[in-house]
2 protein chains.
Amino acid sequence: MQISSRFTIALHVLACMDTFKDEYKVTSDFLSASINTNPVIIRKILSQLKKAGLITVARGTGGISPARPLSDITFYDVYEAVDLVENGELFHFHENPNPQCPVGRNIHGLLDEKLRAIQEAMENEMRKYTIDDIRVDMQKLLEREG
Amino acid sequence: MQISSRFTIALHVLACMDTFKDEYKVTSDFLSASINTNPVIIRKILSQLKKAGLITVARGTGGISPARPLSDITFYDVYEAVDLVENGELFHFHENPNPQCPVGRNIHGLLDEKLRAIQEAMENEMRKYTIDDIRVDMQKLLEREG
DNA sequence: TGTGCTGTAATTGCAATGATTACATTGAGA
DNA sequence: TCTCAATGTAATCATTGCAATTACAGCACA
């Protein structure tokens, strides 16, 4: 099972938002051209990023901009905004194990702590990277491209 | 997006395999009763665990047993056996970003390293836990239950 | 040889994703 | 105030993956 492309699309969106902020109005149509997908998909993602307080979207006139410093938007914030399942559980437990069975009635509680540690390891690593890191890397790359 | 229940089911299977090894023949029917799912689902998972070299399955006579020491079967081994997508990429990249766009043509390479680090953080944490840890915890728990 | 179990194909229901069309709403600028 | 580009959102559709289920062939031991 993979984490949906909404996550990498959202990172792409935020990279564009910074890169083109002085040259273009960054709209869902503009973004969908760079990402090569449908504008409605983008608008859905923009809506999620807005709801999470990461960007502002200009209704009517169009275009997006960051709602807080790029160094204060981590990969985890983005992941949480667009891809988090209900109650934030990464691992899916099979429902209704048999309570008559000693393993069945204990397995969930027994695994919980370890699974949470695994999920947290991933999420903590996500918190290390910010959109500002992308900005810096992108700037370097584009300078090298000339 | 969640990691499929095959992973937690597989851990449940391996816990049962040890807990009941002396009392019962651990068959797909026996397991499906504890897990409360369909025997065919279990057989599919057993087949994946067998293919990964974690267990042996007795054809004809029935029942499963570990193919190597429980302390040598990590959560990652199980995850890899039952839930890994092709080429092992946790994150799904949107296909065909626009190569005309400076962000579009660079975003994949630019994110790759960070996404790999995130995935590895999760996988490395998975490698810390083994089926033997489950055995020990389960034993303690069952003693306390009396 | 009979019996119990595995291996596996085929089908179904369901949910999530992504693509697309359509249209009401918004708000800045002419 | 009207225009128009853009957002917000509903509705539909195709595709995919998961899980459940039925069915049956193959296997090994008693």
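**Figure 1. Surroundings of B:Val13 in the predicted model.** Setting aside neighbours within four places in sequence, B:Val13 is in contact with B:Leu31, B:Ile42 and B:Ile45; contact requires that the C-beta atoms of two residues, placed from the backbone, lie within 7 Å. B:Val13 also belongs to the largest nonpolar core, which has 76 residues. Among the residues with the most contacts inside this core are A:Ala10, A:Val78, B:Ala10 and B:Val78. A nonpolar core is a set of buried Ala, Val, Leu, Ile, Met, Phe, Trp, Tyr and Cys residues joined through C-beta atoms within 7 Å. Buried residues have 20 or more other C-beta atoms within 10 Å of their own, exposed ones 12 or fewer, and partly exposed ones a count in between, with C-beta atoms placed from the backbone. Because this is a predicted model, local features need pLDDT of at least 70 and side-chain atom pairs count only at pLDDT 80 or more, whereas totals for chains, interfaces and linings use all residues. Residues are numbered from 1 along each chain as its sequence is written, while chains are lettered from A and ligands numbered from 1 in the order in which they are written.

**Figure 2. The rotation axis relating chains A and B.** The superposition is by least squares on the C-alpha atoms of residues with pLDDT of at least 70 in both copies. A:Met122 comes closest to the rotation axis among the residues of chain A, at 2.4 Å (C-alpha).

**Figure 3. The interface between chains A and B.** Here 50 residues of chain A are in contact with 50 residues of chain B. Helix 1 (6-19), helix 2 (28-35), helix 5 (102-126) and helix 6 (131-145) of chain A each give two or more residues to the side that touches chain B; helices are DSSP runs (H or I, at least four residues), numbered from the N terminus. Helix 5 of chain A provides the largest share, 14 residues. By class, this side of chain A has 30 nonpolar, 15 polar and 5 charged residues. Ala, Val, Leu, Ile, Met, Phe, Trp, Tyr, Cys and Pro count as nonpolar, Asp, Glu, Lys and Arg as charged, and the others, Gly among them, as polar.

**Figure 4. The surface near DNA strand C.** Helix 3 of chain B supplies the largest share, 6 residues.

How values were computed:
Near = placed C-beta within 6 Å.
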